[in-house]
Amino acid sequence: MGDGLPGGPGDGTVRGGVWSDLSGAARDVVQAGQVLGGVHFHGSAPVSMEIPVPRQLPGDVSGFVGRDAELAELDALHAGDGPDGLVPVVVIAGTAGVGKTSLAVRLAHRISERFPDGQLFVNLRGYDTGPPLVPAAALERFLRAFGVPASAIPAGLEERAELYRSLVAGKRALVVLDNAATAGQVRPLLPGTAGCLTVVTSRHRLSGLAVRDGARRITLGMLSEQESVNLITTATRGYRAGDDPDQIAELARLCARLPLALRIAAERAATHPLLALPELTAQLRDESTLWEALSSPDQEEADAVRTVFAWSYRTLPPPAARLFRLLGLHPGPDFSVHAAAALTGQDVRQTHNLLDLLAGAHLIESTGAERYQFHDLLRAYATNQAHQEESTEDQHSALNRVAVWYLHTADAARAAAQTLHPSVLSPEQTRPGPVTAFDGQQDAFAWHRREQANLLPVAQAAAQAGLDEIAWQLPATLHCLHIASGTFDDWLAMAHTGLEAARRLGDQTAQALMHDTLGTAYKDSRRLTQAAEQHQAALDLRTRIGDLSGVAESAGGLGLVHLWQRELDASRTRLEQALAFYQQHGPRLRTGPTLCGLAYVAADLGEHQQAARFAHQALAVYRETRADHYMHVDALLLLTRVARNAGDPAQAEEHMAEAKVILDATSSPALKAALHLEQAALHREQGRHDQALEAYWACETLERSVGNGTGQALAYNGLGQTLRALGRLPEAIDFHTMAVRILRDPPQPWHLARALAHLADTHADNDQPEHARQHRTEALTLLNGFTDPPATTLRRRLQELTTA
């Protein structure tokens with residue numbers, strides 16, 4: 001039972017090494033591709049984590065010219081033709097704008113077929129005007145690319161690096177780390193396995209990588225004169241004819257033979273075909289170089305780049321020039337047409353035309369449908385021009401406009417995605433121009449994925465600019481979308497930013513809301529102690545200020561944390577506190593999840609009639625309020641479980657059938673997995689073993705896809721129980737063993753005790769009494785902390801079997 005959207009985080013972690021846990025007959029069955037109770041496993045082991053092959057390289061560089069010698073040297077390094085054999089890490093170093101990224105991407109596309117197990121690319125933003133991408137965030141992206149669900153990504157840097165390296169162990173993968181500032185930014189991202197190649201680009205030499213990690217460095221200089229001429233000639237072909245090669249060489253010299261400057265100059269020449277090259281070079285030579293924001297190891301090169309930027313910028317029409325410099329104030333790494341329009345306060349269509357003009361001049365780059373980004377040098381230049389040409393008030397107004405646009409667009413996405421969480425915006429707040437409209441839940445989720453890299457920087461920029469109301473309202477608005485996506489790093493960072501902003505405002509209501517948001521984030525990422533602390537802080541604040549509806553919300557959140565910890569009496573107390581308020585004061589919809597929570601508590605206590613009563617009441621609320629479909633399914637599956645445990649399979653089948661009708665193609669994998677788990681238990685208890693095995697395996701596959709380790713363990717436990725009933729004891733032991741291993745880390749005492757009890761029973765049937773005794777003894781130790789009736793019954797049975 002949850003308090004947000006379906007498709008969010010599960011319990012525990014993905015076990016990439018689960019396949020190695022199969023040590024007996026079950027492994028033989030799977031490996032041989034035999035039929036397991038009607039489920040056919042083809043070739044590779046489906047119980048291991050099926051790692052997708054990530055393909056994350058950007059498109060090959062258009063119009064790439066030259067660098068033949070460097071490409072040949074890089075090819076030789078990777079092919080092992082050098083004196084030291086294969087090189088695991090290659091550093092492409094060189095000054096800003098020299099074409100390091102273009103060369104790295106060109107190389108990656110040339111050799112990508114040598115790396116069938118995946119190619120990864122990340123811009124570490126080591127020289128951006130904003131903060132660099134930290135290694136933990138880069139690892140999160142890599143792990144997601146390999147199919148690791150959000151809830152299965154560890155919190156710590158070392159744990160993420162360890163999981164990443166375990167996924168690429170024994171594989172051939174290509175990793176491109178662009179714009180690295182330090183060796184420390186790179187080292188956690190190195191695969192550390194033979195057969196992989198990491199290509200790093202940097203303005204620095206990164207000597208530490210050579211000393212500790214066996215890296216080889218290629219220092220990229222300027223293009224040769226002939227390569228520079230070829231680049232300009234290629235870029236202007238079809239637009240100009242008859243230019244004197246010596247004049248082209250002079251233009252290249254004024255650009256310091258740097259590819260970034262050359263491309264901008266070539267575009268200028270192409271778009272002014274009637275202007276003779278001597279006139280263009282004269283303009284470039286005379287261009288002011290007052291800009292001092294760029295630093296470079298070589299001042300002559302820096303002057304050349306500054307000159308080309310200024311030369312191109314000052315020829316822009318005034319609206320385009322204004323858009324260019326205001327884009328330098330955008331907090332995130334890329335921007336949409338609508339965000340750009342918000343920055344300037346202009347019409348979206350006009351902004352789109354101006355963005356195309358800037359992209360045509362190579363001042364920005366198109367990254368996809370209606371999305372753009374800067375080269376880091378051009379971002380620095382644009383930001384500096386904004387600081388020089390826009391007043392402080394105008395700069396603040398631009399940031400405020402784009403932050404307001406993100407806030408209200410996020411609010412529209414929230415409304416399209418779900419009905420449980422209301423808006424935190426007041427009707428009096430100024431709305432921006434046209435806000436993006438969303439065509440349902442999936443469209444809202446897609447927007448959140450596209451803008452994910454921008455949302456945290458926007459919240460942080462708002463806080464730094466004194467826009468504290470936006471700084472807390474944005475994470476509050478995104479709460480339900482964060483639940484669905486499980487982007488825990490950004491979620492927690494944004495909520496902490498919002499909490500500090502609310503404290504500066506002295507807004508205790510907002511502070512409590514941020515504490516509750518943090519509580520949910522910690523709960524969903526399985527950090528239950530921190531979750532309880534945050535919900536308790538919110539509860540204390542709301543009690544102190546007399547916010548009764550807030551007290552109910554915090555009590556409900558705390559009740560869910562207690563439920564996950566199997567502190568059932570405490571959970572019931574908090575949920576009853578929340579229910580009493582919602583039943584008296586509303587909103588009516590909120591009584592539904594609270595009743596469902598109480599039904600789960602009752603079910604865990606073995607109080608079948610009470611659980612059914614609460615679940616039926618919750619379902620009635622959902623039907624009355626037309627709640628989101630996942631809430632209906634949650635209640636129906638709980639009723640299925642209750643009826644099954646009460647010995648009424650016919651009633652359980654009826655509830656299951658109704659839940660199936662509601663589920664559709666857009667339903668979350670977590671909901672579908674829960675349905676398969678209940679379906680499997682029904683089949684098993686009625687002796688339909690082949691169907692049970694199929695349903696358990698379908699559950700396991702879905703739980704693995706969302707990173708729900710507990711769900712996987714329950715499916716393995718069910719497989720073990722079914723195989724035991726079929727007399728296939730060695731296979732049953734293996735599946736119960738896998739369940740136990742998953743439930744040990746992180747420790748889940750109740751589920752682990754039950755899995756150990758099943759494992760012990762199977763060992764006993766297999767004439768292994770000592771194994772059975774060991775597992776029962778461990779289970780009894782785990783049960784010491786539980787006093788509820790089901791735990792007491794299980795403890796009594798284990799004691800009787802242990803002492804017999």
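Zero disulfides are present in the structure, which is a predicted model.

For the protein chain, the secondary structure amounts to 37 helices and 10 strands. The chain comprises 804 residues, of which 57% count as buried. With regard to contacts between residues at least 6 apart in sequence, 68% connect residues separated by at least 24 positions.

One helix pair was characterised in detail. Two packed helices are described by the angle between their axes and the distance between the axes. Helix 35 spans residues 749-765 and helix 36 spans residues 769-782; the two pack at an angle of about 160°, and their axes lie 8 Å apart. Because angles over 145 degrees count as roughly antiparallel, helix 35 is roughly antiparallel to helix 36. The crossing of helix 35 with helix 36 is left-handed.

The contact between these helices involves P749, L752, A753, L756, L759, A760, D761, H763 and A764 on the side of helix 35. Their counterparts in helix 36 are H771, A772, H775, R776, E778, A779 and L782. Classified by residue type, this contact of helix 35 with helix 36 contains 10 nonpolar, three polar and three charged residues.

Notes: Residues are numbered from 1 along each chain as its sequence is written. This is a predicted model: local features need pLDDT of at least 70, side-chain atom pairs count only at pLDDT 80 or more; totals for chains, interfaces and linings use all residues. Side-chain values use heavy atoms; hydrogens and water are left out. A disulfide is a pair of cysteine sulfur atoms within 2.5 Å. Axes are lines fitted to C-alpha atoms, for helices over the stretch in contact, and angles run from 0 to 180 degrees between N-to-C directions. Helices (H or I, at least four residues) and strands (E, at least two) are DSSP runs, numbered from the N terminus. Angles under 35 degrees count as roughly parallel, over 145 as roughly antiparallel, 65 to 115 as roughly perpendicular and the rest as oblique. A crossing is left-handed if the near helix is turned anticlockwise from the far one by less than a right angle, and right-handed if clockwise. Contact means heavy atoms within 4.5 Å. Ala, Val, Leu, Ile, Met, Phe, Trp, Tyr, Cys and Pro count as nonpolar, Asp, Glu, Lys and Arg as charged, and the others, Gly among them, as polar. Buried means under 20% relative accessible area, exposed over 50%, partly exposed in between (1.4 Å probe, protein chains only).
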